[in-house]
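Please look over the sequence and the structure shown below before reading on. The briefing that follows treats selected features, grouped by topic.

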Amino acid sequence: MKNLRFQTLLALALLATVVAAYAYDDPATETEYTVNLATDGTLGTFLVDGEGMTLYRFATDVSGSGLSACYDDCAERWPIFFAEEIAVPAELEQTDFNGIVRDDGTFQTTYKGWPLYRYFEDKAPGDVRGQGVGGVWFVVSP
C-alpha cells in the first residue's frame, strides 16, 4: 500500500512539474521582432516585417535623402512600412533603422537610409512577387 501511495504521489509531482513548465509564459523570453530576416533559395536573405511580409526598396528613392518618391498610385501598390519602435534579431543592427516624415505627413521606416515598402501582391509571409518589378523594386538585403 505504501509503495502504491509513493508511486501515485511521485506521478502527481511529475505531472505538476510538466504542467507548470508548459504553463509558465515568460514574456521576456518571447521576442517579437518588428523587422526580421527570411531566406529564399534564389534571393538569399532579406528583410521582412514582424508578420513575415517582405520589405522592399525603390531604386528611384535616394538613400539617405529623407525623401520617398512613391506616392498616390505607387503608394497603393507599394504600401509604406512604418514601425514606431524597431526590434531586430542579433543579425541586424537596430541603429541601421530610422524614419522619415513623408510629404503627406505620414511616417516611414528606413533601413540604411532606404525607405521601406511592402508589395500589395504579396499575400503570404515570404512572398517575393515584388522583386524586380519594373526594374526598380527590390527585396532589401541586410
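**Salt bridges and burial**

Asp 127 counts as buried because its relative accessibility is 17%, where buried means under 20% relative accessible area, exposed over 50% and partly exposed in between (1.4 Å probe, protein chains only). This is a predicted model, in which local features need pLDDT of at least 70 and side-chain atom pairs count only at pLDDT 80 or more, while totals for chains, interfaces and linings use all residues. Residues are numbered from 1 along each chain as its sequence is written, and side-chain values use heavy atoms, with hydrogens and water left out.

- The structure holds three salt bridges, a salt bridge being a side-chain nitrogen of Lys or Arg within 4 Å of a carboxyl oxygen of Asp or Glu.
- Asp 127 forms one of them with Arg 129, with the closest N and O atoms 3.6 Å apart; Arg 129 is partly exposed, at a relative accessible area of 47%.
- Another salt bridge links Arg 118 to Asp 49, where the closest N and O atoms are 2.6 Å apart.
- Arg 118 lies in the loop between E6 and strand E7 (137-139) and Asp 49 in strand E2 (residues 44-49), so this pair ties together parts that are 69 residues apart in sequence.
- Arg 118 counts as partly exposed at 25% relative accessibility, whereas Asp 49 counts as buried at 2%.
- Asp 104 and Arg 102 also meet through their side chains in a salt bridge (3.8 Å, N to O); Asp 104 is partly exposed, with a relative accessible area of 47%, and Arg 102 is buried, at 4% relative accessibility.

**Surroundings of Ser 68**

- Ser 68 is found in the loop between strand E3 (56-58) and helix H2 (73-77), and it counts as buried because its relative accessibility is 9%.
- The side chain of Ser 68 makes a polar contact with the side chain of Arg 102 at 2.7 Å. A polar contact is a pair of N or O atoms within 3.5 Å; within protein, one must be able to donate a hydrogen and the other to accept it, and residues adjacent in sequence count only if both atoms are side-chain atoms.
- The side chain of Ser 68 also reaches the backbone nitrogen of Cys 70, at 3.2 Å.
- Leaving aside neighbours within four places in sequence, Ser 68 is in contact (heavy atoms within 4.5 Å) with residues including Asp 61, Ile 100 and Tyr 117.

**Secondary structure and sheet**

- The protein has two helices and seven strands; helices (H or I, at least four residues) and strands (E, at least two) are DSSP runs, numbered from the N terminus.
- From the N terminus on, the order of the elements is α-β-β-β-α-β-β-β-β.
- Three strands form an open sheet in the order E4-E5-E6, with antiparallel pairing; two strands pair if DSSP finds at least two bridges between them.
- Strand E4 (97-101) and strand E6 (114-115) are the edge strands, as each pairs on one side only.
- E5 and E6 run antiparallel and are joined by two bridges; Thr 110 has Pro 115 in E6 as its bridge partner.

**The chain as a whole**

- The protein has 142 residues, of which 28% count as buried.
- Among contacts between residues at least 6 apart in sequence, 64% join residues at least 24 apart.
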